[in-house]
Amino acid sequence: MTKEHANWSPYDNNGGTCVAIAGADYCVIAADTRMSTGYSILTRDYSKICKLADKSFMASSGFQADVKALQKVLSSRHLIYQHQHNKQMSCPAMAQLLSNTLYYKRFFPYYAFNVLGGLDSEGKGCVFTYDAVGSYERVGYSAQGSGATLITPFLDNQLKSPSPLLLPAKDAVTPLSEAEAVDLVKTCFASATERDIYTGDSVEIIILNANGVRRESEQLRKD
Amino acid sequence: MNRVKYRISWFIVVQEITSSNTVVRTFFLLNQRVNDLVDISQLKGFRFEFSLSVEIMKLDFSGLESSAPLYGGSNELLSDGFSAAPSFDLPVTSDFDGFQKNSIQMVKPAKGTTTLAFIFKEGVMVAADSRASMGGYISSQSVKKIIEINPYMLGTMAGGAADCQFWHRNLGIKCRLHELANKRRISVTGASKLLANILYSYRGMGLSVGTMIAGWDEKGPGLYYVDSEGGRLKGTKFSVGSGSPYAYGVLDSGYKYDLTVDEAAELARRAIYHATFRDGASGGVASVYHVGPNGWTKLSGDDVGELHYSYYPVEPAIVEQEMTEAVVA
């Protein structure tokens with residue numbers, strides 16, 4: 001007797017790509033704005049980036065319904081934290097909160113591939129990259145989503161910094177300036193759009209630094 | 001009229017007949033097989049001969065040797081592609097798809113990583129690589145696989161990254177609570193038991209954890225292997241992950257109880273290096289930690305690509321004739 005397979009899945013993949021780069025005193029978080037299902041495009045201007053705290057932004061690709069739910073859970077947890085501690089959550093603290101939130105649904109996961117970007121308590125850029133069930137790591141740059149396999153090798157080539165595991169430790173700060181990093185991100189998305197059908201339309205870029213938050217948008221191929 | 005040739009699955013024939021129970025079962029299988037063939041052989045003159053003597057417990061299968069070629073051979077009858085079924089050895093099971101899925105899982109490299117730990121005179125040496133792979137894609141080359149549970153205990157990560165990270169963090173919390181409640185540190189035995197019990201309660205739910213808990217407590221150095229099947233083993237030398245066979249080879253050949261800290265660190269480093277060299281799922285940075293009476297210290301973190309050239313430097317090629325720049329007049 002062959003096993004019966006379910007003909008309904010609770011998940012769907014809405015595609016999309018997210019990238020984040022950490023600098024000495026800035027952080028760039030970017031995501032394309034295309035939302036698709038199968039071979040159809042649902043909308044061309046959907047934002048995948050969510051502000052969780054003053055200095056923490058999360059970009060997520062995957063199943064956008066799960067992403068929406070995750071964003072709501074994290075925002076409300078942050079609100080509670082603010083009421084209880086009278087201050088904003090730091091980026092590393094938010095990173096661990098996100099990891100735990102994802103793991104609590106270990107047996108029915110959030111189908112969300114996240115990158116968290118922000119500034120740590122010293123003002124340095126920090127980027128955390130996650131898998132679907134919550135394992136996380138602080139890195140200098142990261143890409144997640146359908147175009148990640150196209151973008152990551154390019155970022156490795158441009159930004160590869162010595163591993164934080166090396167001993168004696170080598171300095172791991174990305175030497176790029178803010179403007180160069182934003183330009184690099186635009187290049188990444190332009191290339192990914194060429195070869196990934198789920199990436200395109202436009203890219204939303206958030207730049208976080210000591211002066212505050214800036215938002216940029218760049219048009220991409222719509223085919 | 002089509003004459004089709006069938007090849008009998010040899011797996012029945014080679015089974016060792018040891019008890020009457022087995023003989024009966026084999027006979028039944030053969031019977032079933034023969035029945036199938038007999039139906040189809042209604043076609044024309046297809047005969048089977050085999051003798052079975054249960055008393056002597058010795059089965060004569062000479063009659064089963066069919067004249068059909070094992071491979072290639074005379075293809076003219078099979079060339080139309082549909083009349084003869086290709087002769088595959090099929091497992092005798094009710095759930096064929098499940099069986100296939102399990103067998104693929106069995107052959108897949110388990111827990112793509114290499115971690116090792118061993119006890120020696122000066123304490124415990126713990127080492128690991130830093131590669132995380134998702135199928136064939138390397139998702140990270142800088143994963144921290146040696147987790148610092150508290151200043152005198154380390155855990156290693158193999159299997160699901162999220163599972164290991166989360167449960168080690170949870171174990172760290174429990175160890176701290178134990179310290180606060182009992183006014184003394186938890187033993188390595190106790191900590192490993194806490195983790196093993198948690199993992200056992202989630203047994204069968206798909207967690208993938210293959211970890212070693214290494215520490216120094218009142219009884220001296222301690223090392224336990226704990227996994228998501230609920231296993232917990234005390235030992236002096238362990239290696240976990242897809243690269244572990246290679247690491248064991250190097251570790252076993254160089255291990256002595258009386259190593260100094262530096263010698264033990266070099267042994268651990270080499271073992272990880274050799275595992276990353278041969279195992280595709282291991283790589284990145286080889287980290288080596290030492291757990292002594294005063295807690296753990298990180299001894300080294302070396303990129304394995306660079307370690308290769310330090311162990312095996314490139315010999316400059318012997319050049320017979322060297323070209324020199326032409327002198328420009």
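Axes are lines fitted to C-alpha atoms, for helices over the stretch in contact, and the angle between two of them runs from 0 to 180 degrees between N-to-C directions. The exercises below use a predicted model.

**Exercise 1.** Work out which orientation class describes helices α1(A) and α2(A), and list what forms their contact.

Solution.
1. Helix α1 of chain A covers residues 64-85 and helix α2 of chain A covers residues 91-104; their axes lie 11 Å apart at an angle of about 130°.
2. Angles over 145 degrees count as roughly antiparallel and those from 65 to 115 as roughly perpendicular, while the rest beyond the roughly parallel range are oblique.
3. α1(A) and α2(A) are therefore oblique to each other.
4. Their crossing is right-handed.
5. On the α1(A) side the contact involves Leu70(A), Val73(A), Leu74(A), Arg77(A) and His78(A); on the α2(A) side it involves Met94(A), Leu97(A), Leu98(A), Thr101(A) and Leu102(A).
6. Seven of these contact residues are nonpolar, two are polar and one is charged.

**Exercise 2.** Classify the ring pair Tyr103(A) and Trp167(B), and decide whether each residue is buried or exposed.

Solution.
1. The ring centres are 6.2 Å apart and the planes stand at 85°.
2. Planes over 60 degrees apart count as edge-to-face, so this pair is edge-to-face.
3. The pair crosses between chains, linking helix α2 of chain A to helix α4 (residues 161-182) of chain B.
4. Buried means under 20% relative accessible area; Tyr103(A), at 4%, is therefore buried, and so is Trp167(B), at 9%.
5. Both rings belong to one aromatic cluster, whose members also include Phe107(A) and Tyr202(B).

Terms used. Residues are numbered from 1 along each chain as its sequence is written. Chains are lettered from A and ligands numbered from 1 in the order in which they are written. This is a predicted model: local features need pLDDT of at least 70, side-chain atom pairs count only at pLDDT 80 or more; totals for chains, interfaces and linings use all residues. Side-chain values use heavy atoms; hydrogens and water are left out. Helices (H or I, at least four residues) and strands (E, at least two) are DSSP runs, numbered from the N terminus. Angles under 35 degrees count as roughly parallel, over 145 as roughly antiparallel, 65 to 115 as roughly perpendicular and the rest as oblique. A crossing is left-handed if the near helix is turned anticlockwise from the far one by less than a right angle, and right-handed if clockwise. Contact means heavy atoms within 4.5 Å. Ala, Val, Leu, Ile, Met, Phe, Trp, Tyr, Cys and Pro count as nonpolar, Asp, Glu, Lys and Arg as charged, and the others, Gly among them, as polar. Rings of Phe, Tyr and Trp (its six-membered ring) pair if their centres lie within 6.5 Å; planes under 30 degrees apart count as stacked, over 60 as edge-to-face and the rest as tilted. Buried means under 20% relative accessible area, exposed over 50%, partly exposed in between (1.4 Å probe, protein chains only).
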